[in-house]
Amino acid sequence: MKKARVIYNPTSGKELLKKNLADILHVLEKAGYEASAFATTPTPFSAREEARRAGEEGFDLIVAAGGDGTINEVVNGIAPLKKRPKMAIIPGGTTNDYARALKIPRDNIKAAAEVILKNQTIKMDIGKTPKTYFINIAAGGHLTELTYDVPSELKSVFGYLAYLVKGAELLPRVKPINMHFTYDEGEYTGNASMFFLGLTNSVGGFEQIAPDAKLDDGKFSLIIVKTANIFEIMHLVALMLNKGKHVNDSRIIYTKTSFLEVSTFDTNQRLMINLDGEYGGDAPMRFENLHQHIEFYANVDKIPDNAVIGDVEHLDEISQDFIREVEKLSEEDIDGDGKIADRKE
């Protein structure tokens, strides 16, 4: 019989995962797995080490039950293995970007587990640095470092880059960094306020950051923001919120690439790297896309053919408010409705 190991965070989601563990195990047994469970501990990397152990012992499936951090750890446990088990996700965190990308129910633990019964899988691309793996994003620059100062309760509601909508007062601290990038299509050398390397287009609820991202094509979506001007950055954010129109702007480099090398020219200039929303070391750094590296259970029939993930209704009102404010500042019709906010005819 096939074996499955549930690695769950007992404190995640108000302990709902712990309370629903019996239902999760029952679903796995219905799917033909001999199921067992492991509760993560405060010991650093307990989920990663258990995932590695289970993978080495020949488990066929590992279920990561928790937030994006738990999923990241489980991936880091099995990604280095030559023979890797399948993975499934039962979201129990706040943002749950990866579950959103795979169309896993985020408000019903049993329904999330029952996705396994559909027996639909997708082989997902995984990001790799010299020391670790990431599942969703890598980013760097002063524009991304500000996320460390965003209150945790704000992040939990609006996710990564939340300050762009709710914390604009931090933007005056953004300074340009003289960076050098090498990627599939060439090189860029010059000032930039940030770079963003995405595996999916679901980042803290902002599905418009990389609007045409695909989950399994072996390519990152690379965005380099060349400007550090506060008003230009706000304008770019407004374009992003307006159906991802920022990707065609001259102040942005937007391309697809299977790798990225990033460094700075000033040895005294620190460039911190953010991996899946957490500090992941400093540049210089190389990122590689591991094509279709781990097979995940997913609601494949609910993922659009072009892998553009929607579901941003909770941000619509905030997005429109932000766009209106930028229209007033720039006196430009950003949303294409033929009007500029608050301008009298």
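Colleague: Leaving aside neighbours within four places in sequence, which residues is T70 in contact with?

Modeller: Bear in mind that this is a predicted model. With neighbours within four places in sequence set aside, T70 is in contact with I7, N9 and A65.

Colleague: Where is the place of T70, and is T70 buried or exposed?

Modeller: T70 sits in helix α4, residues 68-78. Its relative accessibility is 9%, and T70 counts as buried because the cut-off for that is under 20%.

Colleague: Stepping back, how many helices and strands does the chain have?

Modeller: There are eleven helices and 16 strands.

Colleague: And what share of the residues counts as buried?

Modeller: The chain has 345 residues, and 54% of them count as buried.

Colleague: What about contacts across the sequence, say between residues at least 6 apart?

Modeller: Among those contacts, 74% join residues at least 24 apart.

Colleague: On to the strands. In which order do the six strands of the open sheet come?

Modeller: The order is β12-β11-β10-β7-β14-β15, with antiparallel pairing. The edge strands are β12 (252-257) and β15 (278-282), each of which pairs on one side only. On average, neighbouring strands in this sheet are turned by 20° against each other, direction ignored.

Colleague: How many bridges join β7 to β14?

Modeller: Three bridges join them, and the two strands run antiparallel. Strand β7 covers residues 137-140 and strand β14 covers residues 272-275. Within β14, N274 stands opposite A139.

Colleague: What about G198, which strand is that in?

Modeller: G198 is in strand β10, residues 194-198. With a relative accessibility of 0%, G198 counts as buried.

Colleague: Which residues is G198 in contact with, leaving aside neighbours within four places in sequence?

Modeller: G198 is in contact with N136, I137, F220 and S221.

Colleague: And how far is G198 from A213, in sequence and in space?

Modeller: They are 15 residues apart in sequence, and the C-alpha to C-alpha separation is 7.7 Å.

Colleague: Now β13. How do β8 and β13 pair?

Modeller: Strand β8, residues 177-183, pairs with β13 in the antiparallel sense over five bridges. Y183 stands opposite L260 in β13.

Colleague: How many bridges join β13 to β16?

Modeller: Four bridges, with β13 and β16 running antiparallel. The bridge partner of V262 in β16 is M285.

Colleague: Which residue forms a salt bridge with E261?

Modeller: R286 does, and the closest N and O atoms of the pair are 2.5 Å apart. The pair links distant parts of the chain: E261 is in strand β13 (residues 259-264) and R286 is in strand β16, 25 residues apart. E261 is partly exposed at 33% relative accessible area, and R286 is partly exposed at 30%.

Colleague: How many salt bridges does the count come to?

Modeller: The count comes to twelve salt bridges.

Colleague: Which residues are linked in a network of salt bridges?

Modeller: R5, E50, R53 and E57 are linked that way. Within this group, the side chains of E57 and R53 meet in a salt bridge at 2.7 Å, N to O. E57 counts as partly exposed with 47% relative accessibility, and R53 counts as partly exposed with 26%.

Colleague: Another pair then. How far apart are the closest N and O atoms of K118 and D301?

Modeller: They are 3.0 Å apart, and the pair forms a salt bridge.

Colleague: Why does D301 count as exposed?

Modeller: D301 has a relative accessible area of 51%, and it is called exposed because that term applies over 50%. K118 counts as partly exposed, at 34% relative accessibility.

Conventions:
Residues are numbered from 1 along each chain as its sequence is written. This is a predicted model: local features need pLDDT of at least 70, side-chain atom pairs count only at pLDDT 80 or more; totals for chains, interfaces and linings use all residues. Side-chain values use heavy atoms; hydrogens and water are left out. A salt bridge is a side-chain nitrogen of Lys or Arg within 4 Å of a carboxyl oxygen of Asp or Glu. Buried means under 20% relative accessible area, exposed over 50%, partly exposed in between (1.4 Å probe, protein chains only). Two strands pair if DSSP finds at least two bridges between them. Axes are lines fitted to C-alpha atoms, for helices over the stretch in contact, and angles run from 0 to 180 degrees between N-to-C directions. Contact means heavy atoms within 4.5 Å.
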